[in-house]
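Hi everyone, thanks for coming. I'd like to take a few minutes to walk you through a model with you, and please stop me whenever you like.

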Amino acid sequence: MELFLVLVLAIFVGILAGLLPGIGAGMVIISAYPILQKCDINTIFFFYIVLITTMQYYGSISSIIFGVMGEPTSQPAVDNGHELFRRGLGDKTLATTATSSFIASLFGVLVFCVCAKYSTFLIMFLSAIFKVSILTSVLLLLVATNKNKLFGIVLLLLGLVFGSAGSEIVPWINQVFPKYSVFDGGIPFSALLTGFIVIPTLLSYSLESKPIPVFNSSSLDISFKSKIKNLLDFSYFTSTLRGSIVGCVAGIIPGVSYTISSNLAEMIEKFLNKKSNTNEALTKNILSAEAANNAGSIVVLIPLLLFAIPIVPSEALIMSLVQANGFNYLTGLSFISKHFVIITFLLVFVNLINWFISGYCYKFIIDLYKFLGKYGYTLTLIGSTIIVLITGYNDNQFLYTTYVLLISTICGSLIKDTGTKMIFVFSFFVASDLVPDFYRLYLTYF
Amino acid sequence: MKNLIKILMCLAISSVANAEEITFSNIYPPGGSTDIVVTAISDNLEKQGETVNRQYFKSCYDAIQYMNSNTKNNLIILDYEDMVFGNLNKGAKCPPQVDYKNKISIYSSVYEFSYGLVSVPGFTGTSYAKLKELSSAGTKIRIGYSVGPYNTYMVKLFASRNPSINFVLLPYAGTGALRPAYLAKDFDLYYGSGLKKEMIERGGVLIASAKRNTGVTFMGDLAEPESIKNEFPEHQTGVMLVTSNLSTTSQDKIAIALKSIEVVNALKKIDATATGIAHGVSASETLKRVIDFEKKLEQISK
């Protein structure tokens with residue numbers, strides 16, 4: 001029953017977050033952090049798995065119909081999907097995109113299962129050297145792909161310092177944050193990240209003068225038979241397969257993951273199509289890109305669930321939550337073996353549901369999007385702020401939380417680019433693992 | 001019938017008036033050994049009709065702040081080494097006593113555990129002689145330990161008493177961080193308690209114990225030159241409940257809870273030995289042990 005409730009809630013939140021441009025998995029986890037803190041490991045993981053799987057299906061809907069690019073993964077959907085929509089192929093594009101995403105997700109699940117079954121030999125992945133190499137490469141890649149590299153480095157270092165507050169391992173931390181002060185328990189990340197990312201982003205969307213694109217959804221009212229026919233159209237299976245492979249390979253590479261895999265798949269498809277602009281070429285482009293996106297979103301779970309190593313910011317958030325409940329590599333392995341069937345079933349079942357909703361019931365999604373376009377951002381903004389303040393009060397840290405929220409909101413409002421901010425977020429969350437590991441390697445080798 | 005209702009109502013009102021809420025504050029993450037024991041104590045107290053409030057804090061500083069504003073019947077559960085009663089104050093989780101609004105004292109110790117030096121399964125340095133041999137061949141011997149004032153002093157002291165072995169001391173945040181690290185062989189020897197049993201079951205060897213007369217070599221006896229052996233203290237540690245204002249009724253009820261089957265089962269689960277007022281060890285005796293150990297370490301560290 002609990003699993004069912006988590007499933008329903010995560011699908012609902014995933015649909016909303018997927019539809020609203022600019023709201024990624026990281027932001028959802030930050031907003032829900034205080035609630036998730038009260039949950040057990042199973043609930044947290046199931047919620048995350050369903051959420052991240054669901055979100056991938058719905059971002060493309062707003063991109064295809066409204067040409068809205070919420071995140072970097074939406075670029076191919078905007079370029080190809082919206083163009084197809086303008087050419088009168090909206091219904092077909094929406095349905096085939098959902099199918100392609102579904103096939104790719106199943107491919108990702110297959111890869112996940114193979115890795116989960118043969119994981120014991122992968123114990124070397126736990127070593128400090130491996131962790132430091134992976135996490136450092138993620139951080140460096142995030143900085144390298146950022147427009148302003150110098151500023152990226154500054155944010156990276158700041159994230160590492162702030163994320164280390166309260167650490168007892170590294171001696172110099174006490175020079176930055178005095179011991180026996182409020183900093184002993186670290187900086188309240190839900191307040192810091194809500195102020196740094198969530199509030200400025202939602203505020204900018206709420207105050208945006210540009211209206212939500214006007215669209216008459218009645219033009220998508222096609223017959224049941226036609227919808228099913230579109231949904232079961234596997235004409236471009238090879239493009240989907242190519243995208244799935246790209247997604248699986250890129251998804252497991254730290255720093256690349258599914259955020260870049262869709263662009264990579266589109267690039268490959270464009271190359272194969274010789275940059276053609278026909279309906280067929282555009283369809284292949286979007287199907288491959290969406291397939292890569294979905295396959296990557298499943299494969300990206302492997303390092304987290306098998307090795308307790310987060311490779312995208314939202315996973316770092318999830319990791320901090322489950323670590324507080326005693327999750328580590330050992331419990332991770334037992335978690336996988338104990339829940340292997342449930343996780344596999346969950347992944348297949350959730351993808352099946354989302355395939356149907358996104359590929360068949362998109363008219364409802366469009367209506368929902370139109371409603372949320374007016375009120376969604378404001379409601380989320382108020383809700384997130386209230387939740388953070390209540391948590392601060394419950395933790396007997398109301399004033400401290402309020403200060404952190406205020407200061408981080410000011411800082412977050414000054415930095416416009418969310419991608420740049422994510423450098424800080426990722427380094428902040430991996431700091432508690434990365435900095436002590438670095439220190440111990442230093443003690444060992446120098 | 002009316003009289004019966006009146007009596008029942010009076011009983012209910014008087015029991016509500018007499019019921020005192022007892023707060024347990026935990027400064028460690030939920031799910032750990034202290035949490036398991038507090039759950040057991042709370043279960044028994046609730047059976048006794050008490051209302052138990054459980055609070056989790058991210059730091060001892062926060063727990064003390066909370067205690068400063070909610071003095072009545074508030075207990076903090078913590079390791080001996082995390083609150084300093086003497087002069088030693090390098091690395092304890094809790095601020096020095098001078099910072100407290102109300103004087104905090106030990107109510108009772110709850111359980112104790114023994115420390116030891118265990119080789120990581122698969123590591124060839126399974127004895128003192130082999131460690132020396134490996135070191136003379138140029139190998140660095142890495143000791144992983146949970147950061148804390150006592151642990152840090154003990155491993156530093158042990159390393160300093162054995163200059164011919166090239167020890168590298170690697171601090172970790174706790175058992176949670178040490179477990180994957182030993183599996184990945186990020187260190188060679190483990191100094192601590194929580195993973196001792198698990199590592200031995202997996203093939204690790206208990207090279208020495210931090211307590212005398214356990215049937216295993218005492219760590220203090222592994223020293224160069226032999227003349228400095230006696231200066232090495234035993235590592236006597238455990239978990240205690242501290243408070244600033246606990247009513248006599250609550251004291252009695254907690255004492256009953258500490259002896260209960262719930263607590264006995266919980267201690268079995270975490271492989272710890274019961275101690276404290278329920279087992280004839282008074283608070284003053286625990287305080288004496290803690291201060292003695294602090295003094296000894298202070299003396300040695302000079």
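Let me start with how elements are counted here: helices are DSSP runs of H or I with at least four residues, strands are runs of E with at least two, and both are numbered from the N terminus. On that basis, chain B comes to 10 helices and 11 strands. Please keep in mind that this is a predicted model.

Staying with chain B, 44% of its 302 residues are buried. If you take the contacts in chain B with a separation of 6 or more, 77% of them join residues 24 or more positions apart.

Is B:Tyr182 buried or exposed? The cut-off for buried is 20 or more other C-beta atoms within 10 Å, and B:Tyr182 has 25 such neighbours, so it counts as buried. Setting aside neighbours within four places in sequence, its contacts are B:Val120, B:Gly144, B:Phe187, B:Tyr190, B:Leu195 and B:Met199. For a sense of scale, B:Ser42 is 140 residues from B:Tyr182 in sequence, and their C-alpha atoms are 34 Å apart.

Let's move to the cores. The largest nonpolar core has 121 residues, and A:Ile49 and A:Phe426 have the most contacts inside it. Helix α3 of chain A, residues 41-66, gives the most to this core, with 16 residues. Apart from that core lies another one of 83 residues, including B:Ile22, B:Leu170, B:Met219 and B:Ile254. Back in chain A, A:Ile49 touches A:Leu301, A:Ile343, A:Leu346 and A:Leu347, not counting residues up to four places away in sequence.

Next, a helix pair in chain A. The axes of α5, residues 128-144, and α6, residues 149-163, come within 8 Å and cross at roughly 145 degrees. From α5(A), the contact uses A:Leu139, A:Val143 and A:Ala144, while α6(A) brings A:Lys149, A:Gly152, A:Ile153 and A:Leu156. By type, the residues of this contact are 5 nonpolar, 1 polar and 1 charged.

I'll finish with helix α8 of chain A, residues 189-207. At 1.5 Å a residue, its 19 residues should span 27 Å, and the end C-alpha atoms are 26 Å apart, which agrees. Even so, α8(A) bends by about 40 degrees at A:Gly195. Of its 19 residues, 15 are buried, so α8(A) is largely enclosed by the rest of the structure.

Thanks, and I'm happy to take questions.

Note on methods
Residues are numbered from 1 along each chain as its sequence is written. Chains are lettered from A and ligands numbered from 1 in the order in which they are written. This is a predicted model: local features need pLDDT of at least 70, side-chain atom pairs count only at pLDDT 80 or more; totals for chains, interfaces and linings use all residues. The expected span of a helix is 1.5 Å times one less than its number of residues. The bend at a residue is the angle between axes fitted to the seven residues ending there and the seven starting there. A residue is buried if 20 or more other C-beta atoms lie within 10 Å of its own, exposed if 12 or fewer, and partly exposed in between; C-beta atoms are placed from the backbone. A nonpolar core is a set of buried Ala, Val, Leu, Ile, Met, Phe, Trp, Tyr and Cys residues joined through C-beta atoms within 7 Å. Two residues are in contact if their C-beta atoms, placed from the backbone, lie within 7 Å. Axes are lines fitted to C-alpha atoms, for helices over the stretch in contact, and angles run from 0 to 180 degrees between N-to-C directions. Ala, Val, Leu, Ile, Met, Phe, Trp, Tyr, Cys and Pro count as nonpolar, Asp, Glu, Lys and Arg as charged, and the others, Gly among them, as polar.
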